[in-house]
Amino acid sequence: MHLYRLSAEQTEQLRPCLQELAEHHNAVSRHFRGAFPTLPLDQRLAGFTEDVRAGRSHICALMDGDAVAGFCKVNLAGEQGTLHYLVLRKAYRGQGWGKQLMDWAMRVFADAQVKRIEVQVVDGNPAQRLYEAYGFAVKTLNMEKTCP
């Protein structure tokens, strides 16, 4: 297992992780059940490619041989940073790999001299504990209702 920074041309390798994330949210999330992803996967991956190519995003993949076991995507905009994705496939959770990806993200933010970092996490996601361990705290609580 090793961490590897993806180029714009390699973002398609993230498809299995994003598919597993969608299956998870659609099966268990009270917030996204049946409605995830909000953007078709092909469009999402095309956006990842363009963001990396333009230097707006950086993606680090956790590689198990040739397969992506998880990834972290960060966005940079001046002094603002966003932890956009931190995804681990189910078989790799609880083994410290999330911390490895989070450490990578924090180094990217530090190197870019980011002053403010934002992460969005679904209420009830166990990863919230990981973010809190890095000093993140709930700043706002947005509530929404899905109408039929």
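**View 1. Lys 73 and Asn 75 are joined through their side chains by a polar contact of 2.9 Å.** A polar contact is a pair of N or O atoms within 3.5 Å; within protein, one must be able to donate a hydrogen and the other to accept it, and residues adjacent in sequence count only if both atoms are side-chain atoms. The model is predicted: local features need pLDDT of at least 70, side-chain atom pairs count only at pLDDT 80 or more, and totals for chains, interfaces and linings use all residues. Residues are numbered from 1 along each chain as its sequence is written, and side-chain values use heavy atoms, with hydrogens and water left out.

**View 2. Lys 73 is buried, at a relative accessible area of 1%.** Buried means under 20% relative accessible area, exposed over 50%, partly exposed in between (1.4 Å probe, protein chains only). Beyond neighbours within four places in sequence, Lys 73 is in contact (heavy atoms within 4.5 Å) with residues including Phe 48, Asp 51, His 58 and Tyr 85.

**View 3. Lys 73 sits in strand E3 (residues 67–77).** Helices (H or I, at least four residues) and strands (E, at least two) are DSSP runs, numbered from the N terminus. The bridge partner of Lys 73 is Ile 59. E2 and E3 run antiparallel, joined by 8 bridges.

**View 4. The largest nonpolar core has 20 residues.** Such a core is a set of buried Ala, Val, Leu, Ile, Met, Phe, Trp, Tyr and Cys residues joined through side-chain atoms within 4.5 Å. Cys 72, Leu 83 and Trp 104 are among those with the most contacts inside this core. H3 gives the most, with 7 residues.

How values were computed: Pairing = 2+ DSSP bridges.
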